[in-house]
Structure formats: C-alpha cells, structure tokens
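Reader: I have a model open and want to learn how to read it. Please take me through it feature by feature.

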Amino acid sequence: MKRIAISFIVAALVVTAGCSKANSGDNGGSNDGGKTVNLTVLSLMSSQVEKDAYTEVVQQFEAQNPNIKVDLQFPGAEYENLMKVRMSSGDLPDIFDTHGWAKVRYGDYLEDLRSEPWASKLLPSIEPYVTDEEGKVYALPLNQSKDGIVYNEDILKQYDIAVPETHAELMDAAREIKERSGGEITPFHFAGLDNYTLGYWFIFMANPLLISPADNFQQDFKDKKFEWSNWTFLPETFAQMHKEGLSNVDLLTAKQSDTTQQFAQGKVAFVVAPPLVLSTARSINPELNAGLMPIPAIVEGDGPSFSGGERNTMGVWKDTPHKDEAKKLLEFVAQTENLKKLSEATSLLPGIQDVEADLYLSPYLDKYKDVRVFPYFDREWLPNGMFDPMCKLGEDLIAGGITPEQYSEKMAEEYERLLKQEQ
C-alpha cells in the first residue's frame, strides 16, 4: 500500500507539473504579448525555515514580474523518484535542484549558464562541482556544503571531553557520556523512519576510511576494482554502536523530527548530519549551545576532514520553452541579498562571491577553515543510485536481518548492478 501511495504521489506531481506547463500562455521562450508564463521549480529544501525563505524570494520576483508565475514545489523524500520519472519521460521541470549531481546525473539535461552575469562570481570552493573543463556552468549554487558532526558544546564541557579528532576518541567520548550521564544522554541519534539519516553515517565515514588517508583506495574506485570487504568496518562500527547503547533505542522507528527535538533539548551529544539540523534545533531552543566538528580520522596518521560540495542549486532544463524567463529568475535569485537570505536559512556557506552570510556556525567554519574538504563519497566514487540501498541495508543491519559482512556483500552486488546500468 505504501508503494502504491508513493507512486500515486509521484504521478500526481508529474501531472501537476505537466498541467502547469500546458496552461502556460507562452510556448516560445520569451514573455511577449503580455501572456503569463508559468515556471515550474523543484527544490530539495526540506525544513520550513528553508522553504519560507525560498518562497519569499520567489514571491518578490513575481511581484516585479507579474507576467511570470512560479510554481515552487518541495517534493521532499520523493524528489529523486519524481526526477527519475521526469527524466525518463523527457519532460523535466523548467528549473530544478541538482543537489550534488549537477554534472554526473543531470548534466545532459542542463542548459549552459556560463554567459549569465552571476557565473563569473562562483567561489573557487564550489566551482569544481558546478562547472566542467570546457567551461560549462551547470547550475546556480544557492549554497555549498561543509558537513561534519554537529555536537552539543555544553555536554562536552560538562564531562570535560575534548572535541574528538579520531574515530577512537569519538567512540570513547560516546561511552563516557553514556556512562557518566547514567543513560540520560544519548551519544548518537539516528532516525530509521527517515532512513537517509542512516546513510549519512556511511557516506560521512567512508572518506576517512577509504579516501583521505595517504594509503587509500581512490585508484581502486577509479579502476572499478574496489574490494568491498574493506567497507565492512563501517557497518561493524554502526552495529556495535547500537549494541552498546550508544545510539537511540528507537533507531528504527524514530523520525528526523525526533532527532531535532532530542538534540534541541540537550538529550543528544552528537548528530551525524548536515548543519541544518542545528539551525532547526536552535529554532526550537535558541539557548542551545552547539557546534560543528570535522569528521574524525579513522586511519592512523590521517587527520580530520569535512564532506562537501554543492547542496541546493537552480539548474535550467535545456529544453524548457521558457528559457529566458527561467534565466531571469536565476538572475534575480543570484542578487546578493537573496543569496544571503537563502544561505542563512539553510545554515550553509554561499557559493557566490561578495555574499556575507551571518551564520551561527561561522566561528566553527573559521576555526576549521584549513581542514580538508572531500566531495561526498557516493557522488564522487559510486555509481548513481547507491545511496538508497546504503540506507536500506543500514536498517536491515540494525534489525538483525544481515551481518556487517553481508552488508558489504550486498553493497558489492548493488555496485556491479548500477555500474552496468551506466554502461
């Protein structure tokens, strides 16, 4: 029944977007004759704070351009399924969020935006993710990621625990917090009902295990010859954390909102997730004293690192009949005050020069400004589609349906299957 409901939602969104385009009074690409043009815009932004900020910017654009109406949609968890349907049908939204896949997944569908006035202002830190060697600009970055582990400052101070720099120190800190709090504080919180939160553990920890050390597996991934038994450390430690009570008992039934609430109330020490969870938690509890730390090193001799790259973007479908209007919207959103608003709403760094965002995490980002940033593991080293099985296997692992070794074996099977699909 759940699958039927999801399919119905996806189909309804496709019909809605299609009707929006069909009802447009202009099929040309320029807004002539006073006709109203309807632009469909899809975004992967999820929190209400983000959605409100984006909606406000779009409404300001509409007020200045009364003949252009923007249908701003936030499909949430169904975003990727919806985009797969749209790509297979050859009928994409006029503008859509590439969420880390501007070049690899969506590149062939995107208009080259190199001639847009904002394109020359891309920050060097985001440029590799949204441009290619030929100079094509795939999307307007609304922000950029620098993800690590969000933590409660007061809890670490209470128990005189230094910010962990290695995986072993992180686990020791978790055990000490559990023991000294008498179980009142949960070291780690994950939300199985929103299983992408389980996936964060694996993609965040994969870089320090496999990519960032001097002796790494980068060439193995490039040659498509990675031995997946080398992955087993990640499901082993994830399962061990839960077995020791270092993660929440209700891991499989908890929701993302539960994580946010528990963290806001000072009942959780660490959250392995993008920084948005912190800003959402502080909207619940403005007195929350929390910070951002790099992902600890796993291999001896290595140092901490961040995962990063593009997060929210606006890419223009190359075959949209409303190309001029779409680019006009991007140019409006790219204005400094609008990117500032979106950067602050998402708690993420801007991707365009001369945008000074007032972020709660700015002191931490400055403190760790010299820490290495590696692209998200799945986007750089895995075939398209691996994140979903990674999350589902995490559920199976905690439920006792598979062992850590079987997790790795199934990852190898998915890897081969998806590689063949790309050929």
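This is a predicted model: local features need pLDDT of at least 70, side-chain atom pairs count only at pLDDT 80 or more; totals for chains, interfaces and linings use all residues.

Reader: How far apart are the mean positions of the positive and negative charges of the protein?

Author: Start with the counting rule: Lys and Arg are positive, Asp and Glu negative, while His and the chain ends are not counted. Each charge is placed at NZ of Lys, CZ of Arg, CG of Asp or CD of Glu. Here there are 40 positive and 65 negative charges, and their mean positions lie 3 Å apart.

Reader: How do I read the radius of gyration of the protein?

Author: Take it over C-alpha atoms; the globule rule is 2.2 Å times the number of residues to the power 0.38. For 423 residues, a compact globule would be near 22 Å, and the protein has 22 Å, which agrees. The C-alpha trace spans about 70 × 50 × 45 Å along its principal axes.

Reader: What share of the residues is buried?

Author: Buried means under 20% relative accessible area, exposed over 50%, partly exposed in between (1.4 Å probe, protein chains only). Of the 423 residues, 53% are buried.

Reader: Which residues have the most contacts inside the largest nonpolar core?

Author: A nonpolar core joins buried Ala, Val, Leu, Ile, Met, Phe, Trp, Tyr and Cys residues through side-chain atoms within 4.5 Å. The largest one has 76 residues, and Phe221, Trp231 and Phe270 have the most contacts inside it. Its largest share, 11 residues, comes from helix α7 (residues 196–211). Helices (H or I, at least four residues) and strands (E, at least two) are DSSP runs, numbered from the N terminus.

Author: Most residues other than glycine have a negative phi. His99 has a positive phi of about 35 degrees, though not a glycine. His99 lies in the loop between β3 and α4. His99 is buried, at 4% relative accessible area. Thr98 is in that loop too, between β3 (95–96) and α4 (127–130), and is buried at 0%.

Reader: And is Asp354 buried or exposed?

Author: Asp354 is exposed, with a relative accessible area of 62%. Its phi is also positive, near 65 degrees. Asp354 is found in the loop between α13 (336–346) and α14 (362–367).

Key. Residues are numbered from 1 along each chain as its sequence is written. Side-chain values use heavy atoms; hydrogens and water are left out.
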